[in-house]
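Open the model in your viewer and keep the selection panel at hand. The tour goes from one selection to the next.

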Amino acid sequence: MSIIKKKYRIENMMCAMCVAHVQKALDNSEGVISANVNLANNSALIEYDNQITSPQKLKEAVDNAGYVLVIEDEGKYDTQTEEKKNSINFLKKLFGR
Ligand SMILES: [Cu+2]
């Protein structure tokens, strides 16, 4: 059993009712231990058992409720981090530090 706690972006939420829908979809989804849906940040902090469920299944639950759970592309994320590092190094060189 492995518990994962991860924040996902949720699209299409516009009011407290939307939040309640997403919250319910996640709460009713097998393997979800806790979900904290946040309208202001358009996000959901989800704690789940990754042997029972998966990001893909969480996405299906939210998408079926009429909203969109965004699964970040891990590879893409790494590339962005790498790019950021490179530009910081570039700035450091530029300022001679
Ligand atoms: Cu709404």
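Which residues are buried in helix 1? Select Val22, Ala25 and Leu26: these residues of helix 1 are buried. The model is a predicted one. Look down the axis of helix 1: the buried residues fall within an arc of 95°, so they line one face of the helix. An α-helix has 3.6 residues a turn, so residues three or four places apart point the same way.

Now turn to the other side of helix 1 and select Ala16, Met17, Ala20 and Asp27, which are exposed there.

Next, select the whole of helix 1, residues 16–27. Its 12 residues, at 1.5 Å a residue, should span 16 Å, and the end C-alpha atoms are 16 Å apart, so the two agree.

Keep helix 1 and helix 2 on screen. Their axes come within 9 Å and cross at roughly 140°. Helix 1 is therefore oblique to helix 2; angles count as roughly antiparallel over 145 degrees. The crossing of helix 1 past helix 2 is right-handed. To show the contact, select Val22, Ala25 and Leu26 of helix 1 together with Leu58, Ala61, Val62 and Asn64 of helix 2.

Last, select Lys57, which is found in helix 2 (residues 55–64). Is Lys57 buried, exposed or partly exposed? Lys57 counts as partly exposed because it has 15 C-beta neighbours inside 10 Å.

Technical notes
Residues numbered from 1 in each chain as written. Predicted model: local features only at pLDDT ≥ 70, side-chain atom pairs only at ≥ 80, totals over all residues. Helix = DSSP H or I, 4+ residues; strand = E, 2+ residues; numbered from the N terminus. Buried ≥ 20, exposed ≤ 12 C-beta atoms within 10 Å, placed from the backbone. Expected span 1.5 Å × (residues − 1). Arc of directions from axis to C-beta. Axes fitted to C-alpha atoms, helices over the stretch in contact; angles between N-to-C directions. Parallel < 35°, antiparallel > 145°, perpendicular 65-115°, else oblique. Left-handed = near helix turned anticlockwise from the far one by under 90°. Contact = placed C-beta atoms within 7 Å.
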